Amino acid sequence: MQGMRDAWEKVKEMGDREETTNQRADFLEHGFGLAWKEGMHTDIVVKPGIGPPIPAHKAILAARSEIFRHMLSDEEQCIKAPADDAISLPELSHDELFLLLSFLYTGGGLDDEDDVPERHLHALLVAADKYDVPFLRRDCEARLAARVEPRNVLRTLEVADLSSSAVLRERAMDTVLEHAEQVVFSPEYEDFAVRNVGLCVEITRALLAKTNAA
């Protein structure tokens with residue numbers, strides 16, 4: 001009986017700990033997320049390459065990204081935010097910027113967006129690498145890796161190379177090798193080859209190695 005009682009107490013303790021963690025996450029998400037979505041006391045606007053700018057908070061951006069912290073620091077005179085309190089992320093569209101900021105504020109945003117287009121995930125992965133947001137990087141890598149198939153593997157491989165994502169690169173290369181004939185003889189491959197000579201060399205070598213090993 002004592003053993004069962006101890007086991008029950010441990011299960012209850014774990015449940016209480018999980019509930020507390022969930023409540024803390026919910027508190028933080030609704031606190032920061034609500035302040036951002038309602039535009040409460042924002043002190044900077046972030047400009048995308050396409051679409052209207054989005055108000056934000058310098059403190060949140062600086063806390064979430066070392067790169068943003070340097071961009072917004074008065075000590076970094078050469079790259080600090082301009083006098084109109086705005087920074088530009090021209091590589092992102094308005095929708096992609098919204099997803100990025102949502103993630104920075106709440107640690108989520110993508111969880112509620114099961115149908116996030118691949119092009120947005122591609123852009124977010126590159127942004128996560130550029131602005132040093134490891135948590136977002138891992139999230140994007142996992143989501144994109146789960147979506148890799150012959151129809152999109154070449155673009156995925158490009159993005160993996162651009163963002164230095166070893167995990168996604170390996171997943172994409174495995175898919176290329178598994179579906180080599182379908183991928184290499186696809187209409188997209190010729191344009192891909194023109195843009196990515198180095199990757200094509202890697203694909204050729206990998207295919208030869210696979211053939212020799214068979």
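## Accessible surface and burial

The chain has an accessible surface of about 13,000 Å², with carbon and sulfur atoms contributing 55% of that area. Accessible areas were computed by the Shrake-Rupley method with a 1.4 Å probe, and for residues only the protein chains shown count as cover. The model is predicted, so local features require pLDDT of at least 70 and side-chain atom pairs count only at pLDDT 80 or more, while totals for chains, interfaces and linings use all residues. Residues are numbered from 1 along each chain as its sequence is written, and side-chain values use heavy atoms, with hydrogens and water left out.

Of the 214 residues in the chain, 38% are buried. Buried denotes under 20% relative accessible area, exposed over 50%, and partly exposed the range in between (1.4 Å probe, protein chains only).

## Secondary structure and contacts

The chain contains eleven helices and three strands, arranged along the sequence as α-β-β-α-α-β-α-α-α-α-α-α-α-α. These elements are DSSP runs numbered from the N terminus: helices are H or I runs of at least four residues, and strands are E runs of at least two.

A contact means heavy atoms within 4.5 Å. Among contacts between residues at least 6 apart in sequence, 61% join residues at least 24 apart.

Side chains of opposite charge can pair when their charged atoms come close. Here a salt bridge is a side-chain nitrogen of Lys or Arg within 4 Å of a carboxyl oxygen of Asp or Glu, and twelve are counted by this rule.

One of them links Glu 66 to Arg 69, with the closest N and O atoms 2.6 Å apart. The two residues lie three residues apart in helix 3 (residues 66-72), and are therefore separated by about one helical turn. Glu 66 is partly exposed at 37% relative accessibility, and Arg 69 is likewise partly exposed, with a relative accessible area of 37%.

## Salt bridges between separate elements

Glu 202 and Arg 169 form a salt bridge with an N to O distance of 2.4 Å. Because Glu 202 belongs to helix 11 (residues 197-213) and Arg 169 to helix 8 (residues 166-178), this pair ties together parts 33 residues apart in sequence. Glu 202 is partly exposed, at 33% relative accessible area. In another group, salt bridges with shared partners join Glu 118, Glu 149 and Arg 151 into one network.

Within that network, the side chains of Arg 151 and Glu 118 meet at 2.8 Å, N to O. Arg 151 lies in the loop between helix 6 (134-147) and helix 7 (153-162), and Glu 118 in helix 5 (residues 118-130), so this pair connects parts 33 residues apart in sequence. Arg 151 is exposed at 57% relative accessibility, whereas Glu 118 is buried at 17%.
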